[in-house]
Amino acid sequence: METLIEPLSFAFFQKGLLVATLSGALLGFIGVYIVLRGMSYIGHGLSHAIFGGYAAMQLFAVQFYVLGAGLWGIASAIAITTVARRGRVGADAAIGVITTASFALGVALFSKFGSSGPAFDQALFGSILGITNSQIIWLVVVMLIAGAFVLLRYRELLFTTFDPEVAQASGIRVVRVEAMLMIVLSLSILVTLTVIGVTLVAAMLVIPAVIARMLTDSFGRMLGISTVVGLACGLIGMYLSYYAGVPSGTMIVLVGAVAFLVVFAVTGIRGRERAAGVDEHSGPRATISA
Amino acid sequence: MTSAGLIDLASVSAGYGRTTVLHDVSLSIDSTAFSGIVGPSGAGKTTLLRVLLGLIKPSSGTRTTAPSLRVAYVPQLETVDWKFPVTVFECVLMARTEHRFWPWPSAQERQAVAAVLDRLGIADLADRHIRELSGGQQQRMFLARALLREPQVLLLDEPTSGVDINTRHDVLHLLGDLHNDGMAIILTTHDLNGMAAHLPHLVCVNGHVVAEGAPRDVIVPSVLEETFGARLEVLQHLGMPIVVDGAYSTREAT
């Protein structure tokens, strides 16, 4: 018990624990749609793209860098889906070019001008140092946006994720729903970036969702389980990070990886069969003409 | 079919990118339609279906629909992600895209799903994962989802491909019942004998509409040769045209 209470005497840990737990829940929640749409690589790419915006915006408009990086991320997301949808460049190639170029720009800017925010390695692997109240507020706001989006568009999101063509034929504006999902994804990555880290955010989008998929055949239950698993990874990972003295993001992802292995072993063949079809694609399905 | 129907195509050409798959198609679907689009692989059957559904915009020509038209679409079983985590109930409920503030189903929606599953004889499978169904049951599930929309026009892409002969009969009978209830039905098929001869109206497609009309009028060697690019013989059996490959001897068959 002492082990759990002792770190809480530090204000920085309280904030870190709160942000890590909420971040895990948010990424677990939104990750279900990302994984089932075969967009894991987009999550990976977007976190790198947003890093570029994050670095650039710190230089040009320090007080608005969160907003600027968010807009940068959304612009990257729309650029990727537009290029991929037109089919001229494969989705993988589009993500590779757009996001790594943005990431490279971020690294260059960080190296040349330094950072007024977190240090370079902290941005890459996650840190709980220097979490501000405004960051917590941003995180809660994005959670509310993501929650409201899924609540109000639940069936449209499910239908377009399962079968975009039939959804479109049934009167759902698939392109609009996808664009809204990409915006929510960009915002989710942005507000969780500092604690989880640029290079590790994608893992937290994928791991809880895959664990949940191995445990259930129902979409509704998968959404709930994935959120709880993400939350638990954030909570447990944060404590382990404190005691092990390693960056928060790395420990949160490692807890997720261990949980994955345990569920993989426990659920046996059934779990493996369920997870086998998850994320077989690597880009948005370009079947709908915009 | 008469003009000013539920869906009208006038001189429509359509395709993907710079490739035009369908040329100059004029077609009218009215409320009495029960029609099969037949043709070989790559002839543009599915493209025509997608144009009718509004999924592909014509590169030239026009598509017009009746005001507030309700359509439902049953996709090919082969195109479905069967590992997706949904139960039969969740899948059928997708048809009701509008929901109250809370996404979970109302009592009325639960009853509606149960009723349509019951009508299709799969009520006991509601909580099963979609992968656990047989081909025929999967087809019924998608029919249930389509019927829950209470459509005026039902379009089906190869509804009998990949299902056994009993299911094929069941599906055809069910579609016949729905047609008798006043639903317009359009389906694609490459199975001339199994399906086409049972439908009252056929549209033969091979990049363009080769012919359309009653089976006895379009299942004739000249139309079949232009549609399928091969010589096919037509025999009459119990008043129904039967197509045999040209390689067979007509002397033997008669």
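Two strands are taken to pair if DSSP finds at least two bridges between them. Helices (H or I, at least four residues) and strands (E, at least two) are DSSP runs, numbered from the N terminus. The model is predicted: local features need pLDDT of at least 70, side-chain atom pairs count only at pLDDT 80 or more, and totals for chains, interfaces and linings use all residues. Residues are numbered from 1 along each chain as its sequence is written, and chains are lettered from A and ligands numbered from 1 in the order in which they are written.

In chain B, strand β1 (residues 7-16) pairs with β2(B) in the antiparallel sense over seven bridges. Within this part of chain B, B:Gly15 stands opposite B:Thr20 of β2(B). The strands belong to an open, antiparallel sheet of three strands in the order β2-β1-β4 (chain B). Its edge strands, each pairing on one side only, are β2 (19-29) and β4 (60-65) of chain B. On average, neighbouring strands of the sheet are turned by 30° against each other, direction ignored; axes here are lines fitted to C-alpha atoms, for helices over the stretch in contact, and angles run from 0 to 180 degrees between N-to-C directions.

Chain B is assigned a domain 1 (1-70 + 151-217) and a domain 2 (80-150), with bounds from an automatic or database domain assignment. The C-alpha centres of domain 1 of chain B and domain 2 of chain B are 25 Å apart. Their contact takes 11 residues from domain 1 of chain B and seven residues from domain 2 of chain B, two residues being in contact if their C-beta atoms, placed from the backbone, lie within 7 Å. On the domain 1 side of this contact in chain B, helix α5 (residues 165-180) of chain B gives the most, with four residues. That side comprises six nonpolar, two polar and three charged residues. In this classification, Ala, Val, Leu, Ile, Met, Phe, Trp, Tyr, Cys and Pro count as nonpolar, Asp, Glu, Lys and Arg as charged, and the others, Gly among them, as polar.

Chain A has 13 helices and zero strands. Of its 290 residues, 54% count as buried; a residue is buried if 20 or more other C-beta atoms lie within 10 Å of its own, exposed if 12 or fewer, and partly exposed in between, with C-beta atoms placed from the backbone. Among contacts in chain A between residues at least 6 apart in sequence, 77% join residues at least 24 apart.

Between the chains, 26 residues of chain A are in contact with 23 residues of chain B. On the chain A side, two or more residues come from each of α8 (154-162), α9 (164-169) and α12 (219-244) of chain A. The largest share, six residues, is that of α8(A). By class, the chain A side divides into 13 nonpolar, seven polar and six charged residues.

Helix α8(A) is mostly covered, with eight of its nine residues buried. Among the elements covering these buried residues are α2 (11-36), α7 (133-152) and α10 (174-196) of chain A. The axes of α8(A) and α10(A) come within 10 Å and cross at roughly 100°. The two helices are therefore roughly perpendicular; angles under 35 degrees count as roughly parallel, over 145 as roughly antiparallel, 65 to 115 as roughly perpendicular and the rest as oblique. A:Glu156, A:Leu157 and A:Thr160 of α8(A) make this contact with A:Val174, A:Val177, A:Glu178 and A:Leu181 of α10(A).
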